[in-house]
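This briefing summarises selected structural features of a single protein chain, grouped by topic. Please consult it alongside the sequence and the coordinates.

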Amino acid sequence: MPGGRADNSTDRAEASALATEARLGALLDSMHDGVWILSRDGRVERANHRLAQFFGLPPHELAGGAQQSEVLEKLRPHLEAPDTTLGRWRQLESSPEQVSWDEVEFRRPRRRILERFARPIFDAGGQVQARLELFRDITGERLLEDKVVQREKLAAIGQLLTGVAHELNNPLTAVGGYAHLLAAADLPGSLREKVERLRQEAERASRIVSNLLLFARGVKPEKQWVDLHATLERILSLRAYELRVENIRVVRDYAASLPPVFAEPNQLEQVFLNIVLNAEQAIRSQRDHGTLTVRTAVEPPGRIRLEIANDGPAISPELLPRIFDPFFTTKPPVEGTGLGLYIARGIVREHGGEIEARSGPGGGAIFVINLPALVPPAAPPAPEPASVVAHRPSLAGRRILVVDDEPSVAYLIADALEQQGYEVRVHTESQRALTEALAHPFDLAICDIRMPELDGQAFYRILRHQESPLADRLLFTTGDTLARETTDFLEQVGAPFLPKPFHVEELQGRVREALERDTGPEAEKDAPARLRPAGPGTEQP
């Protein structure tokens, strides 16, 4: 009997232990977090099913008394930064009494960011008996935080670009404008070619600034019908020298007949240029020669397909989902910011299309762009005959006041208008310009909006307050027509404006339109000719 009672007690104790073990196992497996319990000597005592799911390993490989170091080696291909991550794990194994809170990033079986909390488990005597590691999936939280940070970065870039655009648009206006004036002069053929190249490069730089502002402000561009093949050829021509030097062969496989696309041509050029530059850098990273292939095709129903492929290194599968993310780049800091493809995707989507990237069947990368193919509207009416334009009344002798704190822009405007026979007064200090505007009659004032001391808005309001007729004869210029303050002001006063950088023909045309709308006071026959200022700020009579 005594022996029977002892056996029964043992059986009950074993049954109770097994029941407790089963309840503990069920509890751990029901947890949303991954649980790893390790002995003091680094053996795996327990691992729940959630942990196996996080790690991408079968559950039996995480338990059964295996050494943690053996399991970690199996995890190496699954980790984003294996050497660094495994180094932290080894540090915990060597110091089981340490409390740690960090993150572990996985790239397989899918991209995850796990928050890990590690702490020791003590026995009744206060000695370390085991170690507990808890893993919580915070991938969604991190992605949300990254998006918030990216939005803040993009907002900061937008503010920065507003100021940069104003600073760049002034010299670009002067460079492009004077190149136009030189091109109209009697120059030798070789010099004329150089001047034309200078003008084209100034226009290209101004388009880049304009596209950056459109991207930063989220403003929809003005679209027109664009020949896709001609746009591609402009980009390939632009990069022709670099492609030839880098031994990169260009293969064209164009559709025989491609309908035009309704797009903003400068933005499409930026998309193609970004992809071509990426292809060049990818090829150079692997070898000293390669092939760039450009294909176009018409696909039903009403879509145009463009492929730009290179035979450089393939895009790894783990990078493909992130390749269009803002600020994501695999290039060194001096070679890329991670914004090129992000901007390209935004432009393509703005045009009703899609862009994707994939690895080629034999290596390399392929960027595929799909755009809608629409039917162009009927051609616009023919312009006025030259005879009508030639018989317009002459506006020579009209008096124009130019107010701009940038001397190069102010004198460009004066030179361009003097070619038309106007009498021009130039001021680079707006306060002195206002004094003259209130004291003398002018047919028109051309005024920059952003200036120190007295800006264009204040200039207008003072003229209006003083009941000067010049308040209704203002043509504003500005390097940032996308700033909210600027657009609100222009809409409020209803005054015409000319965005910088502008072409000389645009300036001359807008001035003539303004003068024809309001003839203004008669030009003074005895008004003195314009002189260059003897000092900064104003010209001397």
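**Overview**

The chain contains 16 helices and 17 strands. The model is predicted. Of its 541 residues, 42% count as buried. Among the contacts in the chain with a separation of 6 or more, 63% are between residues 24 or more positions apart.

Two packed helices are described by the angle between their axes and the distance between the axes.

- Helix H9 spans residues 265–284 and helix H10 spans residues 340–350; the two pack at an angle of about 145°, and their axes are 9 Å apart.
- The crossing of H9 and H10 is left-handed.
- On the side of H9, the contact involves Gln267, Gln270, Val271, Asn274, Ile275 and Asn278.

**Nonpolar cores**

In soluble globular proteins, nonpolar side chains tend to be buried together.

- The largest nonpolar core has 39 residues. Those with the most contacts inside this core are Val261, Leu268, Val271, Phe272, Ile275, Phe367 and Ile369.
- At least two residues of this core come from each of the helices H7 (228–238), H9 and H10.
- Leaving aside residues up to four places away in sequence, Val271 touches Ala344, Ile347, Val348 and Ile369.
- Another core, of 25 residues, lies apart from the largest one, and includes Leu412, Leu475, Leu507 and Leu515.

**The five-stranded parallel sheet**

- An open sheet is formed by 5 strands in the order E14-E13-E15-E16-E17, with parallel pairing.
- Strands E14 (423–427) and E17 (497–499) stand at the edges; each has a single partner strand, so one side of each is left without a neighbour in the sheet.
- Direction ignored, neighbouring strands of this sheet are turned by 20° against each other on average.
- Strand E13 (residues 399–403) runs parallel to E14 and is joined to E14 by 5 bridges. Within this pair, Arg399 stands opposite Glu423 in E14.
- Helix H12 (residues 407–418) packs on the sheet and touches E13, E14 and strand E15 (444–448). The direction of H12 makes about 175° with that of E14.

**The loop residue Asp405**

- Asp405 lies in the loop between E13 and H12.
- With a relative accessibility of 23%, Asp405 counts as partly exposed.
- Not counting residues up to four places away in sequence, Asp405 touches Thr428, Asp448, Arg450, Met451 and Pro452.
- Asp405 and Asp455 are 50 residues apart in sequence, while their C-alpha atoms are 9.6 Å apart in space.

**Backbone exceptions**

Most residues other than glycine have a negative phi, and most peptide bonds are trans.

- The peptide bond from Arg108 to Pro109 is cis, with omega near 0°. Pro109 is placed in the loop between strand E3 (100–106) and strand E4 (112–122).
- The peptide bond from Lys500 to Pro501 is also cis, with omega near -10°. Pro501 is located in the loop between E17 and helix H16 (504–517).
- Glu453 is not a glycine, yet has a positive phi of about 60°. Glu453 occurs in the loop between E15 and helix H14 (456–465) and is exposed, with a relative accessible area of 79%.
- Glu467, likewise not a glycine, has a positive phi of about 55°. Glu467 is situated in the loop between H14 and strand E16 (474–478) and is exposed, at a relative accessible area of 72%.

Technical notes: Residues are numbered from 1 along each chain as its sequence is written. This is a predicted model: local features need pLDDT of at least 70, side-chain atom pairs count only at pLDDT 80 or more; totals for chains, interfaces and linings use all residues. Side-chain values use heavy atoms; hydrogens and water are left out. Axes are lines fitted to C-alpha atoms, for helices over the stretch in contact, and angles run from 0 to 180 degrees between N-to-C directions. Helices (H or I, at least four residues) and strands (E, at least two) are DSSP runs, numbered from the N terminus. A crossing is left-handed if the near helix is turned anticlockwise from the far one by less than a right angle, and right-handed if clockwise. Contact means heavy atoms within 4.5 Å. Two strands pair if DSSP finds at least two bridges between them. Buried means under 20% relative accessible area, exposed over 50%, partly exposed in between (1.4 Å probe, protein chains only). A nonpolar core is a set of buried Ala, Val, Leu, Ile, Met, Phe, Trp, Tyr and Cys residues joined through side-chain atoms within 4.5 Å.
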